[in-house]
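Keep the sequence and the 3D view open while reading.

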Amino acid sequence: MAILEILKYPDPRLKEVAAEVNRFDNVLWAFIHDLEETLRAGPGGAGIAAPQVGHLQRIVIVDVSSKPGIKQHGRLVLINPEIMEWEGMVRGREGCMSVPDYTGNVIRANTIQLRAQDEQGEVHDYEMEGFEARAVQHEIDHLDGLLFLDRLVSRRNDLFQRKVYK
Ligand SMILES: [Zn+2]
């Protein structure tokens, strides 16, 4: 068990495309355990992707259950996730553990149909909307070497410095 180091922008490893997972074994489960501990240790993170800790495999954990009153599936381990369908576009504010000093407005699909494998390799289909759908799209971007910074329409109007508390 370990809390892993989060890579921070502009670390070039955050720009790499992650590889598919094809072995569902003890090595994978141990890594997922550490990835989840790392997510839980962060400040209010709704998700984490394996490349954020320098592990270039298509593994994401999303858990938006701390947000009250929204449609969501609770804790999800998503392996080789793929968006099959999407609908509607909405603008919303995002933050990222790899970009700790900023938040930004990003346009995402409002609803998605997601297909992903779980820790055992079983395939599941999910219908997601709103904040959960946004969190998943954000994390899948990490698997393709993209940060929310790459999706801002306007750096001038859509990027915000986080308040620093000392
Ligand atoms: Zn992120």
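## Terms and model

A pocket is an open set of grid points with protein on both sides within 12 Å along at least five of seven lines, and its lining residues have an atom within 4 Å of a point. The structure described here is a predicted model.

## The second largest pocket

By that definition, the residues lining the second largest pocket are I83, W86, M89, I107, R108, A109, I112, Q137, I140, D141 and R151. Two or more of the lining residues come from each of β3, β4 and α2. β4 has the largest share, with 4 residues.

This pocket holds about 210 Å³ of space. Sorted by class, its lining has 7 nonpolar, 3 charged and 1 polar residues.

## The largest pocket

The volume of the largest pocket is about 560 Å³. It is lined by 22 residues, and those closest to its centre are G44, G45, G95, C96 and R162. Two or more lining residues are given by each of β3 (76-96), β4 (99-117) and α2 (130-143).

Helix α2 gives the most to this lining, 6 residues. The classes are 8 nonpolar, 8 polar and 6 charged residues.

Are they buried or exposed? Buried means under 20% relative accessible area. H138 counts as buried because its relative accessibility is 6%. H142, with a relative accessible area of 2%, is therefore buried as well.

## The nonpolar cores

The largest nonpolar core has 19 residues, and the members that touch the most others are V62, L78, I112, L114, Y126, M128 and V136. At least two residues of this core come from each of β2 (59-62), β3, β4, β5 (123-129) and α2. The element that gives the most is α2, with 5 residues.

M128 shows the surroundings of one such member. Leaving aside neighbours within four places in sequence, M128 is in contact with H73, L76, N110, T111, I112, L114, A133 and V136. Another core lies apart from the largest one; it has 15 residues, including V21, L35, L39 and V77.

Notes: Residues are numbered from 1 along each chain as its sequence is written. This is a predicted model: local features need pLDDT of at least 70, side-chain atom pairs count only at pLDDT 80 or more; totals for chains, interfaces and linings use all residues. Side-chain values use heavy atoms; hydrogens and water are left out. On a 1 Å grid over the protein atoms alone, a cavity is a set of points where a 1.4 Å probe fits but cannot get out, and a pocket is an open set with protein on both sides within 12 Å along at least five of seven lines; lining residues have an atom within 4 Å of a point. Grid points are joined across faces, edges and corners, and a volume is the space filled by probe spheres set on the points. Ala, Val, Leu, Ile, Met, Phe, Trp, Tyr, Cys and Pro count as nonpolar, Asp, Glu, Lys and Arg as charged, and the others, Gly among them, as polar. Buried means under 20% relative accessible area, exposed over 50%, partly exposed in between (1.4 Å probe, protein chains only). A nonpolar core is a set of buried Ala, Val, Leu, Ile, Met, Phe, Trp, Tyr and Cys residues joined through side-chain atoms within 4.5 Å. Contact means heavy atoms within 4.5 Å.
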